[in-house]
Protein chains: 2
Amino acid sequence: MDKPEIPDDKAKRRPITARQLARMLGVSQSAVSRAFTPGASIAPDLRDRIKQFAEEVDYHPNAIASMLSKSRTNIVGIVVSDMQNPFYPALIEKLSRSLQRIGLQSLLFNITKGSNLEEQLSALRRYNVDAVIIISATILSGQTLRWATEGRAALLINRVVEDADLSCVICDNVAGSRAIADHFYEIGRRRVAYVSGLSHTTTNRERQNAFVTRVAELGMVLCARVDAGEYSYEAGRRAALEIVDRGGADAIFFANDILAAGGLDALREEAGLQVPEDIAVAGFDDIALASWPHYALTTFRQPVDEIIAVAVGMIEDGSCYPGRPITIKRLPGELIVRSSSYRMSDSSK
Amino acid sequence: MDKPEIPDDKAKRRPITARQLARMLGVSQSAVSRAFTPGASIAPDLRDRIKQFAEEVDYHPNAIASMLSKSRTNIVGIVVSDMQNPFYPALIEKLSRSLQRIGLQSLLFNITKGSNLEEQLSALRRYNVDAVIIISATILSGQTLRWATEGRAALLINRVVEDADLSCVICDNVAGSRAIADHFYEIGRRRVAYVSGLSHTTTNRERQNAFVTRVAELGMVLCARVDAGEYSYEAGRRAALEIVDRGGADAIFFANDILAAGGLDALREEAGLQVPEDIAVAGFDDIALASWPHYALTTFRQPVDEIIAVAVGMIEDGSCYPGRPITIKRLPGELIVRSSSYRMSDSSK
DNA sequence: GACGTCATTGCATACGGATGCAAGACAGGG
DNA sequence: CCCTGTCTTGCATCCGTATGCAATGACGTC
């Protein structure tokens, strides 16, 4: 553990410090600090002189030292666990970009089911991140979450954890699932099925309950409800085949797009069914793949940009800092009808 | 910019420090520091006593302060730009996991084509990351790279930049592309086409040159070479249709799997061709989608785990620190034959 | 019993920048 | 010309941990 990982060759010269810069310029270190602090009390021409000279000698303020004295890191910890579903990488990418835009860096915490969470999350505390954004609450208990985020801004995206007193930003799963049910009804389907991913996640529970309820309200028959066990293509495939085996369904709502993709392929290529003629398929999320012509997946689009905007906004304005009342933002999504459920009767070109 | 982002409510009590802990325990702050430093000179029972008490009062060493005094952050900057291709999120996830396993955190730098790179990358220097792993060299010049990584360990994954004096770990694109060419030859194809993503990237150049060269060696005809302009499904789709328009090809090698997926769907569903009977398709990477039954994509599998292992190893043993001779590791991949190019003549079940 | 060795421990200071406070500079008003 | 208020600037200290060095004590040896 104590290898000479950093070779102390001649090449190991430290970067220039504010003090050195100050001495060279005949000013105080405070002046240098102020030159790089927006809004600090310093004469404009002095600031310019310092900044210009800094450029010449390639001085960059040391962020670590700044963190220490300001007790502010400008780092947001992003806790993720399930990167199989393309929805999350896409979300994370946009999120980190938005954070960067307001001067925040993203420190990735990739938690694994197997290993000990405490140890992984203790880094969250030691690194003194300003805020924590949890994108995967799948395997985190409210207690763990409370501990990990204690004393700092925290915020869940796309998950709700009841006993954790955390604010969250989430797509309106209920409206989405009801919209799918309504859509199935409108296109004449009456015998529907639901495929869940991980049945205990809040997203799944919300989607499932809302869908099942609406299906009943509309007088449709729920002829199958399959728990795929995970959010993957393969799981969707198996679930679809199981539903076909049981027979009778004329529409399937998959808890997310990646499941739906697997299901769709299985229905067409393994079960030999026509989609949407024999059976309609819908997913949730509207990931990139959903718009590919091959899938043309009817789905409920999560308002990713809005989710991110709201989340970043909450971090920026401090409304998710401890002590503030927690808020749960449910953002509306949009039903996207494609030919996996309903083929427009237009020219087939 | 100076909003009271961190509310200084009563809730804002600072966490306990090593000094406080020390005072409570009647020992010196050094002792506390040593208790948490593996290999430090301290009596085992004192260490235990301190650690136990620390647990009781919920003391966690402040990593920021530690970074400052050790000039070591245990943070690796990961520079990425193109997250459209699922290959990269998958890579990043595994990479960050591996880094975490040896106590390194991943700070994400998501660079965007449009905005000014200098500003984005200056964070790399200010944050004093111990090492930089660049997964996207697409839009970075050697000069920029040299500047951004100056004085710290740096390493390119899946890219080579000639004028940057950086070590890199990369899949053997040449062997891979030759293997694809050989495979096309073996299955009887003689009129092949190549589809590039971004033509100026080194991966593309390597793959293209190797493929074209091998095609010539084998006496096959290269009847089309299309630059798709980006690595996307849609680009692959367009490229495939263009090749069909020109006519004559009986096999297409796409520079990566996501292009191939788009191409494959277009060939089957828009051009009405049989794959692989009329035209064989191959990609590169072996992303998850390639193994989906619908695509069953013949591809050259990048040895992702090995790439990561080697990269992490180089960071761990310091062999990519400045001053060390740069090394270029080319790791062998594996040709994966699936039915997009060659259908096993087995029972169709 | 004296001395060398080694393991522990504390002291003091370094790491690089931020900031409260006071001093100096300067302008305007009386 | 003095007084007061505003703007700049430097000084000193702080942020929390790491670590070289010296001091202390324990132990073994001859």
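Trainee: Across which strands does helix H9 of chain A lie?

Mentor: H9(A), residues 202–217, lies across E6, E7 and E8 of chain A, where contact means C-beta atoms, placed from the backbone, within 7 Å. Helix H9(A) runs at about 170° to E6(A), on a scale from 0 to 180 degrees between N-to-C directions of axes fitted to C-alpha atoms, for helices over the stretch in contact. Helix H11 of chain A, residues 257–270, also packs on the sheet and touches E6, E8 and E9 of chain A. The direction of H11(A) makes about 160° with that of E9(A). This is a predicted model, in which local features need pLDDT of at least 70, side-chain atom pairs count only at pLDDT 80 or more, and totals for chains, interfaces and linings use all residues. Residues are numbered from 1 along each chain as its sequence is written, while chains are lettered from A and ligands numbered from 1 in the order in which they are written.

Trainee: What makes a run of residues a helix or a strand here?

Mentor: Both are DSSP runs numbered from the N terminus, a helix (H or I) having at least four residues and a strand (E) at least two.

Trainee: In which order do the four strands of the open sheet in chain A stand?

Mentor: The order is E7-E6-E8-E9, with parallel pairing. E7 (221–227) and E9 (280–282) of chain A are at the edges; each has a single partner strand, so one side of each lacks a neighbour in the sheet. From one strand to the next the twist averages 15°.

Trainee: What makes E6(A) and E8(A) a pair, and over how many bridges?

Mentor: Pairing requires at least two bridges found by DSSP. E6 (residues 191–196) and E8 (residues 251–254) of chain A have four, in the parallel sense, and Val195(A) stands opposite Phe254(A). They therefore count as paired.

Trainee: What sense does the pairing of E2(A) with E2(B) have?

Mentor: It is antiparallel, over three bridges. Leu107(A) is placed opposite Leu107(B).

Trainee: Why are the two copies said to be related as by a two-fold rotation axis?

Mentor: Chain B is laid on chain A with an RMSD of 0.1 Å by a turn of 180° and a shift of 0.1 Å along the axis, using least squares on C-alpha atoms of residues with pLDDT of at least 70 in both. The relation is thus that of a two-fold rotation axis. In chain B, the C-alpha nearest the axis belongs to Leu107(B), 2.2 Å from it.

Definitions and conventions: Two residues are in contact if their C-beta atoms, placed from the backbone, lie within 7 Å.
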